[in-house]
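Work through the exercises below with the model open. Try each task before reading its solution.

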Amino acid sequence: MLSGKTILVTRSKNASAEIQGLLESRGASVICLPTIEIGAPESWEKCDASIWKLAEYDSVCFTSKNAVDRFIQRMRLIRPQALNTLATRNLYAVGEKTKSILEANGFSVQPIPQKHSAENLAHSFYGQNLSGKHFLFPKSNIAHDVLPKELRSLGASVDEIVTYRTMIPEPDNLEQVRVLLKNGKIDIITFFSPSSICNFVEMFGVEILIGVLIAVLGPTTAVSAKDVGLKVSIVAQQQTAESLVEGIVEYVGAM
């Protein structure tokens with residue numbers, strides 16, 4: 001199905017194992033290039049304050065698995081008993097992976113929209129009067145403000161706290177990938193988040209992607225790609241590696 005195609009996966013080696021296996025099982029050659037490095041926030045002050053007053057929140061919204069991981073790790077470090085409080089809040093998640101991590105840690109999650117994006121989670125609150133409701137939004141340093149803006153427009157108060165920072169790494173194969181892209185040796189490149197696109201453009205520029213098919217994980221990432229001038233050919237219907245691979249296979253099969 002993908003025999004003869006070389007696909008660039010812009011995730012770390014550890015995070016890319018699943019999609020790499022799926023692509024290779026369909027005949028593709030896969031190159032991994034990390035475009036994101038996850039680090040601690042510049043300050044834990046706001047996050048720590050929210051953990052100590054967690055009982056004041058009605059709901060907590062997570063839009064990434066990293067937000068879940070880092071928030072729970074921080075609670076275990078500074079106030080483990082807050083985990084019991086978290087279990088009594090309304091927890092919302094964007095995407096099956098984010099939901100699964102919460103469930104794996106023993107938490108129940110509110111039903112999630114079929115289309116996995118912060119926009120669709122925001123839309124699920126339409127028509128509700130959230131006046132007097134207090135939401136907590138653990139996020140990255142560059143997260144979009146779609147969800148908190150919508151919640152506030154419906155009357156809720158929202159505390160946004162940074163639980164992790166996304167940074168640009170220095171991968172060992174950077175120059176090798178640059179040469180392959182310049183020589184037209186990469187057929188498809190995959191992006192998994194808006195930050196992966198921003199970092200890639202800072203690392204390589206936009207022009208180097210002329211002639212390369214671009215596949216992205218979800219509509220939010222697609223918008224970010226278009227915002228920097230990239231043409232997106234493939235958008236995964238669900239925010240899973242399986243959905244992205246199926247989208248690639250379908251597109252290539254129709255070429």
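## Exercise 1: Aromatic pairs

The whole structure, a predicted model, holds 3 aromatic pairs.

**Task.** Classify the pair formed by Phe62 and Phe71: what are the ring distance and the plane angle?

**Solution.** 
- Step 1. Take the ring centres: those of Phe62 and Phe71 lie 6.0 Å apart. Rings pair if their centres lie within 6.5 Å.
- Step 2. Take the planes. They stand at 55°, so the pair is tilted. Stacked would need planes under 30 degrees apart, and edge-to-face over 60.
- Step 3. Check the surroundings. Phe62 and Phe71 are both buried.

**Task.** Which residues form one aromatic cluster?

**Solution.** The cluster consists of Phe191, Phe200 and Phe204. Keep Phe200 and Phe204 in mind for the next exercise.

## Exercise 2: Helix 8 against helix 9

**Task.** Describe how helix 8 and helix 9 pack: what are the angle and the axis distance?

**Solution.** 
- Step 1. Locate the helices. Helix 8 covers residues 174–182, and helix 9 covers residues 194–204.
- Step 2. Read the geometry. The angle is about 85°, and the axes are 11 Å apart.
- Step 3. Name the arrangement. Angles of 65 to 115 degrees count as roughly perpendicular, so helix 8 is roughly perpendicular to helix 9.
- Step 4. List the contact. Helix 8 supplies Leu174, Val177, Arg178 and Leu181, while helix 9 supplies Phe200, Met203 and Phe204.
- Step 5. Sort by class. The contact has 6 nonpolar residues, no polar ones and 1 charged.

## Exercise 3: Helix 1 against helix 11

**Solution.** 
- Step 1. Helix 1 spans residues 17–25, and helix 11 spans residues 241–254.
- Step 2. Their axes lie 9 Å apart, at an angle of about 30°.
- Step 3. Angles under 35 degrees count as roughly parallel, so helix 1 is roughly parallel to helix 11.
- Step 4. The crossing of the two helices is right-handed.
- Step 5. From helix 1, Glu18, Ile19, Leu22 and Leu23 meet Ala241, Glu242, Leu244, Val245 and Ile248 of helix 11.
- Step 6. By class, 7 residues of this contact are nonpolar, none is polar and 2 are charged.

## Exercise 4: Placing a cysteine

**Task.** Where does Cys198 lie, and how far is its C-alpha atom from that of Glu242?

**Solution.** 
- Step 1. Cys198 belongs to helix 9.
- Step 2. Its relative accessible area is 41%, so Cys198 is partly exposed.
- Step 3. Cys198 and Glu242 are 44 residues apart along the chain, and their C-alpha atoms are separated by 24 Å.

Notes: Residues numbered from 1 in each chain as written. Predicted model: local features only at pLDDT ≥ 70, side-chain atom pairs only at ≥ 80, totals over all residues. Heavy atoms only, no water. Axes fitted to C-alpha atoms, helices over the stretch in contact; angles between N-to-C directions. Helix = DSSP H or I, 4+ residues; strand = E, 2+ residues; numbered from the N terminus. Parallel < 35°, antiparallel > 145°, perpendicular 65-115°, else oblique. Contact = heavy atoms within 4.5 Å. Nonpolar A, V, L, I, M, F, W, Y, C, P; charged D, E, K, R; others polar. Left-handed = near helix turned anticlockwise from the far one by under 90°. Buried < 20%, exposed > 50% of the residue type's maximum accessible area, 1.4 Å probe, protein only.
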